[in-house]
Amino acid sequence: MPLLSQGCYLQCGPLLQYWNTHMRPIPATIVQLFEDEYLFLHYADVDTLCEWVFKAREEFEKHDESAEDTAEHSVESELEEGRKTKRKCTSRKPKLWMKFGEFQLYEADRSILENNQSWLNDNIINAAQTLLKSKYGTPGLQNTVLAAALQGCIVGGEEFVQVLNSGGNHWLTISTIGCPYSTVNIYDSMCCTLPSTTQKQICALLMTHEPNVTLRFINVDKQNNANDCGLYALAFCAALCSGDNPQHITFSNTDMRKHVLHCLMQNEMEPFNGKMLKRKKMVKETQLLEIICTCRSIEDGNMVECDVCKEWFHQGCITVPENVWNTPSTPWMCDSCKDS
């Protein structure tokens with residue numbers, strides 16, 4: 001699957017909630033470890049973390065309430081042991097192939113490009129975007145890992161191009177080149193729908209003040225297998241950066257991997273080989289996203305409506321008295337309306 005090549009992001013809230021539910025009070029060391037919203041975990045450490053959690057839980061189950069302090073001390077010892085093991089695991093670095101700015105490619109990444117059955121990972125996508133940005137200076141082209149974690153740089157109303165990971169198992173390209181304000185073109189070699197996680201990525205990049213974002217799914221060349229989405233996403237991306245319209249290009253599927261491999265080895269990303277094909281219908285489908293809250297994103301989770309401006313806000317984005325959540329009929333005003 002085209003997920004992260006070196007590790008994954010864990011959402012810390014559910015982990016802490018699980019710990020608190022099943023393992024009694026949370027030790028301070030655990031809170032410190034998971035103090036951020038997301039924790040990056042190297043794949044090499046997944047087994048270590050799982051073993052440590054199970055051991056910690058066994059320690060809690062061995063002791064009754066009167067031995068809580070002893071149990072916590074045992075868990076903290078296990079945590080320290082887990083950290084030592086993590087340092088040991090992560091010290092075994094894979095064999096380096098080449099480096100592009102802040103991104104590194106390994107021999108395993110090269111094997112992906114040489115294997116027709118493998119999905120592209122974030123290492124390859126980010127390296128290719130880095131070369132495109134260096135060649136064309138196109139805004140966007142940010143780290144796909146940061147974009148997935150909603151930590152990318154805001155591009156606002158600037159015309160940009162960006163490859164995104166959609167739903168954890170698919171790559172696509174988005175762009176605002178030639179688009180009306182608060183409109184985004186979706187260049188997708190497979191689907192015409194977006195999961196909410198991808199919609200949130202788009203909203204985080206735009207941070208529009210408009211009440212809506214329009215998504216336009218462009219009529220583009222489609223992949224003929226299950227694993228070439230990353231290649232097509234880069235092909236769309238390269239075409240947009242070079243000033244071409246991906247809508248009218250049919251790409252040579254058999255040459256795409258060789259092209260990426262050649263460009264990376266030459267340290268210069270070029271447009272993909274393809275034939276011009278005039279597709280009459282530009283937009284296959286459109287989708288309108290309603291934008292709310294101070295985060296300027298879509299509806300999600302618990303929300304509250306301001307009685308004055310009628311704007312909706314996410315529970316995690318603002319501070320709202322408990323009685324408002326407990327009694328929905330309780331009047332409430334957002335900060336902007338209070339100050340006006």
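Me: A cavity is, on a 1 Å grid over the protein atoms alone, a set of points where a 1.4 Å probe fits but cannot get out, and its lining residues have an atom within 4 Å of a point. Grid points are joined across faces, edges and corners, and a volume is the space filled by probe spheres set on the points. What volume does the largest cavity have?

Reply: The volume of the largest cavity is about 30 Å³, and the count comes to one cavity of 30 Å³ or more. This is a predicted model, in which local features need pLDDT of at least 70 and side-chain atom pairs count only at pLDDT 80 or more, whereas totals for chains, interfaces and linings use all residues. Residues are numbered from 1 along each chain as its sequence is written, and side-chain values use heavy atoms, with hydrogens and water left out.

Me: What makes up the lining of the largest cavity?

Reply: Ala 147, Leu 150, Gln 151, Gly 152, Gln 201, Ala 204 and Leu 205 line the largest cavity. Helix 8 gives the largest share of that lining, three residues; helices (H or I, at least four residues) and strands (E, at least two) are DSSP runs, numbered from the N terminus.

Me: Why is the pair of Glu 114 and Arg 110 called a salt bridge?

Reply: The term requires a side-chain nitrogen of Lys or Arg within 4 Å of a carboxyl oxygen of Asp or Glu. The closest N and O atoms of Glu 114 and Arg 110 are 3.4 Å apart, so the pair meets that rule. Glu 114 and Arg 110 are four residues apart in helix 5 (residues 107-114), which separates them by about one helical turn. By this rule the count comes to six salt bridges.

Me: Why is Ile 292 called buried?

Reply: Buried means under 20% relative accessible area, exposed over 50% and partly exposed in between (1.4 Å probe, protein chains only). Ile 292 has a relative accessible area of 1%, and therefore counts as buried.

Me: What makes up the surroundings of Ile 292, leaving aside its neighbours within four places in sequence?

Reply: Ile 292 is in the loop between strand 11 (283-290) and strand 12 (303-305). With contact taken as heavy atoms within 4.5 Å, the partners of Ile 292 beyond those neighbours are Ser 297, Ile 298, Glu 299, Met 303, Glu 311, Trp 312 and His 314. The C-alpha atoms of Ile 292 and Met 303 are 9.9 Å apart.

Me: Why are strand 5 and strand 11 said to stand at the edges?

Reply: Five strands form an open sheet of mixed pairing in the order 5-6-7-8-11, where two strands pair if DSSP finds at least two bridges between them. Strand 5 (161-165) and strand 11 each have a single partner strand, so one side of each is left without a neighbour in the sheet.

Me: How do you know that strand 8 pairs with strand 11?

Reply: Seven bridges join these two antiparallel strands, and at least two are required, so strand 8 and strand 11 pair. Arg 216 stands opposite Thr 286 in strand 11.

Note on methods. On a 1 Å grid over the protein atoms alone, a cavity is a set of points where a 1.4 Å probe fits but cannot get out, and a pocket is an open set with protein on both sides within 12 Å along at least five of seven lines; lining residues have an atom within 4 Å of a point.
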